[in-house]
Amino acid sequence: MSVFKIEKNKDYTIMSNYHLRDRELSYKAKGLLSFMLSLPEDWDYSLNGLCAISKESKDGIRSILKELQEHHYIEIEKVRGDKGYFEYNYLIYEIPHFKNIEKNNPGM
């Protein structure tokens, strides 16, 4: 039997295992979501911000974000900023968020 020893000293992130066990998500999506959940709330979650700390291309990050959206782990709200430019708000969930189902079935 193999023995694994993991030394944990500091800088922990506590998150649900739900997305890690979701067979519908790719490993890339699981990794990006885990990474996003580990970042502070005031961090720059823009496409440029995510690319700046990754070796993935913009298209790669965009593709992973689309997968996470399709599986309801993130919502991206497009809003017009103070200067008239569009800004994006990222709502990130540890467990899929089914907004449309809740609206149609308020008793859930």
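**Exercise 1. A residue in a loop**

Is H72 buried, partly exposed or exposed?

*Solution.* The model is predicted, and the classes used here are computed from its coordinates. Step one is location: H72 lies in the loop that links α3 to β1 (74-80). Step two is accessibility. The relative accessibility of H72 is 31%. Buried means under 20% and exposed over 50%, with partly exposed in between, so H72 at 31% counts as partly exposed. Step three is the backbone: phi of H72 is near 65 degrees, a positive value although the residue is not glycine.

**Exercise 2. Overall layout and confidence**

Describe the secondary structure of the chain, then state which part of the model calls for caution.

*Solution.* Begin with the count: the chain has four helices and two strands. Along the sequence these elements follow the pattern α-α-α-β-β-α.

Next, take burial and surface. The chain has 108 residues, and 26% of them count as buried. Its accessible surface is about 8,800 Å², with 50% of that belonging to carbon and sulfur atoms. Among contacts between residues at least 6 apart in sequence, 41% join residues at least 24 apart.

Then turn to confidence. Mean pLDDT for the chain is 84, and 83% of the residues reach 70 or more. Where pLDDT is low, predicted coordinates should not be read in detail.

**Exercise 3. The packing of α1 and α3**

At what angle do helices α1 and α3 pack, and how far apart are their axes? Classify the arrangement and describe the contact.

*Solution.* Two packed helices are described by the angle between their axes and the distance between those axes. Helix α1 covers residues 27-38 and helix α3 residues 58-70; the angle is about 85 degrees and the axes are 9 Å apart. Angles of 65 to 115 degrees count as roughly perpendicular, so α1 is roughly perpendicular to α3.

Now list the residues that meet. From α1 these are K28, A29, L32, L33 and M36, and from α3 they are I64, L65, E67 and L68. By class, the contact has seven nonpolar residues, two charged and no polar ones.

Finally, look at one residue from this contact. I64 is placed in helix α3. With 6% relative accessibility, I64 counts as buried. Leaving out residues up to four places away in sequence, I64 touches K28, A29 and L32. I64 and A29 are 35 residues apart along the chain, yet their C-alpha atoms are separated by 5.5 Å.

**Exercise 4. A leucine in α2**

Which residues does L50 touch, not counting those up to four places away in sequence? State where L50 lies and whether it is buried or exposed.

*Solution.* L50 lies in helix α2 (residues 47-52). The relative accessibility of L50 is 2%, so the residue counts as buried. With residues up to four places away left out, the partners of L50 are L32, M36, W43, D44, Y45, I61 and L65. Two of these names recall Exercise 3: L32 and M36 are among the α1 residues that meet α3. As for spacing, L50 and R62 are twelve residues apart in sequence, with 9.7 Å between their C-alpha atoms.

Definitions and conventions
Residues numbered from 1 in each chain as written. Predicted model: local features only at pLDDT ≥ 70, side-chain atom pairs only at ≥ 80, totals over all residues. Heavy atoms only, no water. Axes fitted to C-alpha atoms, helices over the stretch in contact; angles between N-to-C directions. Parallel < 35°, antiparallel > 145°, perpendicular 65-115°, else oblique. Contact = heavy atoms within 4.5 Å. Nonpolar A, V, L, I, M, F, W, Y, C, P; charged D, E, K, R; others polar. pLDDT = per-residue confidence, 0-100. Buried < 20%, exposed > 50% of the residue type's maximum accessible area, 1.4 Å probe, protein only. Areas by Shrake-Rupley, 256 points an atom, 1.4 Å probe, with all protein chains shown as cover.
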